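Student: Hi, could we go through this structure together? I'm new to this.
Tutor: Happy to, here it is.
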Amino acid sequence: MYDIDGSEIHIFKRLYRMMEVIRVKGIILEIIGNHAVVLTKAGDYKKVRLKNSMNYECGDEIEMNKSIFNWELPKLQWKQYRVRFSIMAILFIIMIFPSINYYQTNQVAGHVNIDINPSVELTYNKQMKVIGAHSLNDDGEALLSKKEVLKMNVHDAINSLIVVAIEEGYIASEKDNGIIISITDIKGELYKEELSKQIAESTKDVQSIKVEYVDSDVETFEKAQKLKKSPGEVIIEEKIGLSHQEVENEKMTTYELVSRYNEYKDALTEENSRSDKGIVSKEERMTHQQEKKGLLDAIKGIREELKDREKEEKELRNKLKDEEEELKGRSKEEKNREKFREKELKERLKIEKELRDKLKDEGKELKDRLKEEKNREKLREKELKERLKKEEKELRDKLKEKEKELKDKFKKAK
């Protein structure tokens, strides 16, 4: 959008001051109802509306508001403001010009879609300048990242992107190459002849290449946007009698699409040529129509069969999905059970370990007690031996004393 800077704000303020009303004094000569005839200092007679005629009398001096845009000003006074009017007109043009320029620059004049395998969409204005560029797939995004095309001439932008596609290997001599350029030219200003010459010059070293130009309208463009495809692809698929899903299933390349479209155009040209020359008879035409109808019926039958198969595949996928979920649920239950068993086993091992540790501590304690008892037994045995030894010594001493006494008595007796 157009932004207003500080200088333009200053201009607006000056304009506002220029448009302010002028205070003019005058004397009331006559009062008629709610109006009065006033004589100004400049000598002009003016009829003015009074807010309350009861408050005024003839001869009173009053002030009046006179805008510079009042066309009833005297000729002499108008000349004083003519310079101001000129300045205001110039300023108005200066202010309105950027908005007009912005509108013209950003007004969409058309769209160009380029399909190689990278798919790119360019939007251009009336000046044939690119004002928008976005990709329809990942390769398109990679291609746009290699080249900045905004504000470029649309013909040069298309040609530059094709040159980059050749450099990046999207277009190469050792493979079949196809380019679809679909043009949604709203204003009718894109020159295909000039564009085709540029592209032919850029791709002259590529051996196997087919370039197809497709004219589109706004309705097809909007339809393609909903399908996230280019208008050229949508138009070609409709012409050759293939659906978007069939193209996706067959994984058709851009080259194959262009080849099928060229075959369709050749067959149509041949049929029109024969019809123009009167070669085709009524019977042949009827036969051709019947064959065409039969072919369309066959295609319809194939499409219905494909739909049925897709439906069966979908059901099978859903069934497999349910079975997979069931297996996941079972495996989850088994895992939970295994975890519970593992937890239970760990708890048992923990308990057993605690019991072993307890028994070990008790055995150790028992050993300590037995050792202590043995030590006490040894101590008692020692004490007992010492006591017996002492008592035995005492007895011997007593026997010796008695024996001595008996000997002494015996001696005395003699």
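Tutor: A word to start with: two residues are in contact when they have heavy atoms within 4.5 Å. Keep in mind that this is a predicted model.
Student: Okay, what share of the contacts with a separation of 6 or more comes from residues 24 or more positions apart?
Tutor: Those account for 53% of them.
Student: And how many helices and strands are there?
Tutor: The chain has 10 helices and nine strands.
Student: Let's pick α3. Which of its residues are buried?
Tutor: In α3, which spans residues 138-146, the buried ones are Gly 140, Leu 143 and Leu 144. They sit on the same side of α3, because they cover an arc of only 95° around the axis.
Student: Why would residues a few places apart point the same way?
Tutor: An α-helix has 3.6 residues a turn, so residues three or four places apart do that.
Student: What's on the other side of α3?
Tutor: Asp 138, Glu 141, Ser 145 and Lys 146, which are exposed there.
Student: New topic: what is the volume of the second largest pocket?
Tutor: About 570 Å³. Of the 26 residues lining that pocket, Ile 116, Asn 117, Met 252, Thr 253 and Thr 254 are the closest to its centre.
Student: Which element gives the most to that lining?
Tutor: That's α9, with four residues.
Student: How does the lining divide by residue type?
Tutor: Into eight nonpolar, nine polar and nine charged residues.

Notes
Residues numbered from 1 in each chain as written. Predicted model: local features only at pLDDT ≥ 70, side-chain atom pairs only at ≥ 80, totals over all residues. Heavy atoms only, no water. Buried < 20%, exposed > 50% of the residue type's maximum accessible area, 1.4 Å probe, protein only. Helix = DSSP H or I, 4+ residues; strand = E, 2+ residues; numbered from the N terminus. Arc of directions from axis to C-beta. 1 Å grid on protein atoms, 1.4 Å probe; cavity = no way out; pocket = protein on both sides within 12 Å on 5 of 7 lines; lining within 4 Å. Points joined across faces, edges and corners; volume = space filled by probe spheres on them. Nonpolar A, V, L, I, M, F, W, Y, C, P; charged D, E, K, R; others polar.
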